[in-house]
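Morning, everyone. I have one structure to go through today, and I'll keep it short. Please have a look at it first.

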Amino acid sequence: MLYREAGQFITDYRADKSIFRLKQERWGFYLLLAIAFIFIPFIGNDYWFSAILIPFLVLSLAGLGLNLLTGYAGQLSLGSAAFMAVGAFAAYNFHLRIEGLPFLVSFLLGGFTAAIVGILFGLPSLRIKGFYLLVSTLAAQFFVLWVFTNFSWFSNNNSSGVITAPQLIILNHDFSTPVGRYLLTLGIVVVLGFLAKSIVRSELGRNWMAVRDMDTAAAVIGISIPKTKLLAFGISSFFLGIAGSLWAFTYLGTVEPHGFDLTRSFQILFIVIIGGMGSILGNFLGAAFVILLPILLSNISMNLLAGAIDPGQLENFQKIIFGALIIFFLIKEPNGLAKVWQTFKQRSRVWPLRF
Amino acid sequence: MTTNEHLLSLNNISLSFKGVKAINNISFAVNRGEICALIGPNGAGKSSLLNVINGVYQADEGEINFDGESKKNMSPHRSAQRGIARTFQNIALFKGMSVLDNVLTGRNLKVKSSWVEQVFNIGQAPNDAVVQRKKSEEIIDFLKIQPWRSSLVGSLPYGLQKRVELARALAAEPKLLLLDEPMAGMNSDEKAEMSRFILDTQREFGTTIVLIEHDISVVMALSNHVVVLDYGKKIGDGTPDEVRANPEVIAAYLGTKH
Amino acid sequence: MSFFFEVLTGGLLAGVMYSLVAIGFVLIYKASGVFNFAQGSMVLFSALTFVSLLERGVPFWISFIITLLIMLVLAWAIERFVLRKLVNRSPITLFMATLGLSYIIEGLAQAVWGAQVHALDIGVSDEPFEIFGMLLSQFDLFAAAIAGILVAVLSFLFSKTRTGISLRAVADDQLAALAVGIKLNRLWFIVWGVAGFVGLVAGLLWGARVGVQFSLSLIVLKALPVLIIGGFTSIGGAIVGGLIIGSSEKLAEVFLGPYIGGGIENWFPYVLAMLFLLVRPSGIFGERAIERV
Amino acid sequence: MITDTFPNLLNFQAFDKPLSIAIRHKQLGIWHEKRWSELHQELLQLVQLLKEKGFKAGDTLFLLSHPRPEALLLSIAAHWLGGIAAPLDPAYAKSKVSALLNALQPAFIFAEGQLQVDQILNLGLSQKLIIYADARGLSHYENATLQAYAAIKNLQPIDYLKQLSVAEPEHTAFVFYRLNENGDVNLQQLSHAEMLAQGRKLVKQEVLTAHEEALAARAFAASGHVRYLLSPWLLAGFKLNFPENIDTRDIDRRELGPTLVAGTSATYQRLHALVESRLPLPNTLHRRLFDWAISTSKIDFFLRRLIAYWLITRPLRDVIGFSRTRVPLLVGERLPAKSALFFASIGIHVKNWPDVADWQQSNIKANIPKIESKKVLSQQLKQAGATA
């Protein structure tokens, strides 16, 4: 609507593969990055970084992880938090037990460990579909947490299974300040975001969607279902694993296994549903929603209702509202906020005409 | 028993669901480069037969010889690798993907680069991507669906979806193409167009085609070879004219309205 | 040896509880193909309502009736405002909707009745008595009896009454059922209502056992493996599955626990269910469908 | 000073700006570009091909095709050898085209693809050569006169320094045929000089430069397009763009955003109808805004124009691919008031240029749709040649 497309045509296929076809979109995105990396660090305060921005980023990443599995490959999972836990605890142990291992590397290794565990619990998906798969992912959820609580080795014999963040130092620059942790998280999330985008646009991404939309046809045109599904589990868990490390070490600082319990998995699932299945952007929208709504509610009850509602009740209302929202989205906009954005963009492309 | 000019031959195939015989001891052979039509009343077992040929169903008895290799049964994946592509009676496209992406998935077996190479756009990936895109575009051009290249298949009219599904099958550059009622629910113009596409496919790519079709006029116009099924049995097999002359066929099929 | 049997029967009787919840699932799944994750919160909600009424001095049966009515209203609301708007959506979607539903119901229950634990006494003593040299809980036997009766009644209803028959028809083929003029909406309402009733019974028994508290809603997680093993569409299967899960997890806890660490009953049922799946992907009693293409 | 003919001008452009883009053709989803030098090379190969096939001065090359670079280049190659290009309107009814072909008994034909080739072969003409561009479906045809355009790739181009173009300005460059209602063949002969003169007039008046982007959505099947698109292209040396196919031309126009559009009344009316069909529904706020914005009422003030421009006309122009259009030409008959008003109201001021309709009655008679003995027709054709 506001910008012209005329004259933006492609003369080779490589150009057509770029994520933002129109230069205006490209610029808009760069601007966004600039704001996130340069502007916000200056204006943001510690509360914003620690209580809103960092968890927002980490949950976006987690949602991304689950979205790859559920939104793109169509495999439902209730075990997301378990894979986050694996990532976090693995990273912690790598960093703890390998002398002088840069923590970024240990994050990465944590991610890979999560991927392996993910593939293990994904194996049943080769024989079973739909709800039946829930069993496998729930098994992961409970088994993993049980392991981390029962075997204190994983938490370096900490009585309550708590693990603590390593020194966040890259090239002897300390990232443990709120701004530092924000920038660190942002950097990792942006990189992984691009990675995810190029995965879903690659052949693998297409195969995932093919399996999701019609697995019989996918098999008939020669897509290897087992490979496709297991890769989905592996890669999804890799993203979740990294998100776990960030959750534990750049957001909370210390975490116990039950920081990754079933409710966390649900929270991530909600992010995906509200944000939009099968969309990268959606995870960020969904995460923002899930983070901001409670804050909004509590502010309302604080300021408008002058704290008439006690926190316990507030939590209940939150639950009700979230439940209602989930149902609302499933009924009205099954493809979530991302779809809303998509529709808006499409409408404005043809504005002032209808189509 | 398969001589060289037979691309596909079925020997005494039988299949049953829960005791009900869907296919009863059927044998026939398809020559290289021919268009072979399977006809017969609804429930004659035509679709089931296609499903057996490319391994969606596993035959209870009998064996399939494809391209000089005999198998009792094959997985769909294996049969795709060996060059069998197909379309489905009720369209089985990937509704959430664009036309181009659907056609691209059809080429998944031709892709040279590994997924890692593709994700990081290294190694063979950059060239491979271009090659696959070009091939897909050629198919899109061949079936004249350029205007819808980037629209979601779910949003396209029925006739077009049928064409896109054919495109996806052709993208695999198959030796054998199985078409399950490619013209079901089309008007005469669309049928004519689709027939033309099918003929061109056979001529341009030398693809052997086995198709199921109810419209006898289309069958007679298109096919070099007709096999007639009724209640899971083969009751006719030969050139269109031979079949048209076959009294049993007339009784079982041509007599009844379809 | 007798100790083994003691654990076994204890497990079996606990399994009865699982079965009770699982039955609620099966009913709804048969009728609407919905995997109702909210079953657990329905159990919690009903128990909480009941006990709160009781605490406010309402007589036992009155509060039972009231609770039942509330559960019916709930069922009606669910059918009217959720299911009806999600007809012929994918099962996954429906499942996620019930996930949202469970959040609403739990939030509602605690917002109205508070989150503290309530003790519930339904007048059945829980002190164990000895039989064939092993200790059995009187309460467990009572629960088993109730479950038995419930199952008997349900299976009678579903084999004899019109509703029951149309339910089976729907389970077989929704379109065909619609064609012969079965009103799905009405059926769904009934089924959810019955599921609510079953949930109430289960809620009372569990509540009396462990106290009425939030954790009640978590037994839904146990019901899942039960269903996997028993098959989603068979009440009998739900019972058997419940018994298998109940007993095996207790046995595992007692005999495996010491070696690999306690608290394994959280995940053991799932592992067991997975093993089942690998052997028999559609459960013991569930029927396998042929894929049409 | 080189003589004023199409081939010479192409020579000139190839020397003047060898490396700048001359032609874009959207194929297989992307715009394929050709530079003037490449174009020149291809032209020389085509000349070679035509020579080999015995095309000589005075021969006519008939073109059955939608707009394609191949058709364009072949025309100029024919000119090179002193021949004439006769494009047949692809919008013409099949039966009429067949009737024309029968009447005219062409020896050299360019056919876009299988459909056209079939049409020609079914007529059983005694043609010497059929060049086809789109090989789809033709691989199994066994007809000695069939020749794939692609085959020129491995042809040794003529040495244009030794074999200069024999075309002369007063030669007929293009001839257009049509049938009147009682089946007489009418024709229109256009010389190089005349066409280029009018082209030059346009270039001068509209100040067309080498930077124009023109879209050739219609074939050069009407003299107007030769006058106002083809010759300006060769004179000003701008970029000529061909859409992927007739169905995608709207998408392609939007992608490209041409600066020069040469359309007929039909072209513009079609576009107008397209917009009409997609307007916001009546009695919606959206629609009211639209109407208010494009209303050409007298009460006009700065703010209104500003809002109208940014909210409606500018985006609308982009959607229909006119956002960069500097010279919207209307060739031939003028627009109906309604359409004219519409385009004016969104700031597209269509410029009307006359399409001189100097149709001459030939005494060739064609029969539509049935074909009678070709012998008689060919005799009539001979007479026509004698009398002309």
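**Chain contacts and a sheet**

Start with the contact between chains: 32 residues of chain A are in contact with 39 residues of chain C, where contact means that the C-beta atoms, placed from the backbone, lie within 7 Å. On the chain A side, α6 (131-150) and α13 (311-332) each supply at least two residues. Helices are DSSP runs of H or I with at least four residues, strands are runs of E with at least two, and both are numbered from the N terminus.

A note on the model: it is predicted, so local features need pLDDT of at least 70 and side-chain atom pairs count only at pLDDT 80 or more, while totals for chains, interfaces and linings use all residues. Residues are numbered from 1 along each chain as its sequence is written, and chains are lettered from A and ligands numbered from 1 in the order in which they are written.

Now chain B. Six strands form an open sheet of mixed pairing, in the order β6-β7-β8-β3-β9-β10; two strands pair if DSSP finds at least two bridges between them. β6 (84-87) and β10 (233-238) of chain B stand at the edges with a single partner strand each, so one side of each has no neighbour in the sheet.

Inside the sheet, β3 (residues 35-39) and β8 (residues 208-212) of chain B run parallel and are joined by 4 bridges. B:Ile35 has B:Ile209 as its bridge partner in β8(B).

Terms used:
Two residues are in contact if their C-beta atoms, placed from the backbone, lie within 7 Å.
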